[in-house]
Amino acid sequence: MRREREVNEALKEIVDAKIAQFKKAVAQAEPSKIFASKSALYIDYALLSLNRRSARVKFIVSSYVAGDASPNNYSSVVKYDFKNRAVK
């Protein structure tokens, strides 16, 4: 259980940072464009590997701030090292 908790806490920090970044972008958007359409943030994940040494998780992110020409889509892979208790 300790391992799961450690990984969950580390991944939650990453997701919280992505949410904060999105909220900041929405707050900085031109007011006239904010009401033209809705802003949206979508975050999904996939567990790529899990063993005694590490866990690898892929995040799939799509964000759209009202007024932007198109959504911002990207993915990133995070590796959590159990021995060092750190994200790499």
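Ala, Val, Leu, Ile, Met, Phe, Trp, Tyr, Cys and Pro count as nonpolar here, Asp, Glu, Lys and Arg as charged, and the others, Gly among them, as polar. With that scheme, the lining of the largest pocket divides into nine nonpolar, two polar and two charged residues. The model is predicted.

**Largest pocket**

This pocket holds about 270 Å³ of space. Its lining counts 13 residues. Val 7, Asn 8, Leu 47, Leu 50 and Ala 55 lie nearest the centre. Two or more lining residues come from each of helix H1 (2-28), strand S1 (40-50) and strand S2 (54-64). H1 gives the most, with five residues.

**Second largest pocket**

The volume here is about 180 Å³. The second largest pocket is lined by 14 residues. Nearest its centre lie Gln 21, Phe 22, Ala 25, Ser 63 and Asn 72. H1, S2 and strand S3 (72-81) each give two or more residues to this lining. The largest share is again that of H1, at four residues. By class, the lining has eight nonpolar, four polar and two charged residues.

**Sheet**

Four strands form an open sheet. Their order is S1-S2-S3-S4, and the pairing is antiparallel. S1 and strand S4 (86-87) stand at the edges. Each has a single partner strand, so one side of each is left without a neighbour in the sheet. Strands of a sheet pair through backbone hydrogen bonds, either parallel or antiparallel. S2 and S3 pair in the antiparallel sense over 10 bridges. Within this part of the sheet, Ser 62 has Asn 73 of S3 as its bridge partner.

**Aromatic pair**

A pair of aromatic rings is described by the distance of the centres and the angle of the planes. One such pair turns up in a search of the whole structure. The rings belong to Tyr 80 and Phe 82. Their centres are 5.6 Å apart and their planes stand at 70 degrees. Planes over 60 degrees apart count as edge-to-face, so the Tyr 80 and Phe 82 pair is edge-to-face. Tyr 80 is buried, and Phe 82 is buried too.

Methods: Residues numbered from 1 in each chain as written. Predicted model: local features only at pLDDT ≥ 70, side-chain atom pairs only at ≥ 80, totals over all residues. Heavy atoms only, no water. 1 Å grid on protein atoms, 1.4 Å probe; cavity = no way out; pocket = protein on both sides within 12 Å on 5 of 7 lines; lining within 4 Å. Points joined across faces, edges and corners; volume = space filled by probe spheres on them. Phe/Tyr/Trp six-rings, centres within 6.5 Å; stacked < 30°, edge-to-face > 60°. Buried < 20%, exposed > 50% of the residue type's maximum accessible area, 1.4 Å probe, protein only. Pairing = 2+ DSSP bridges.
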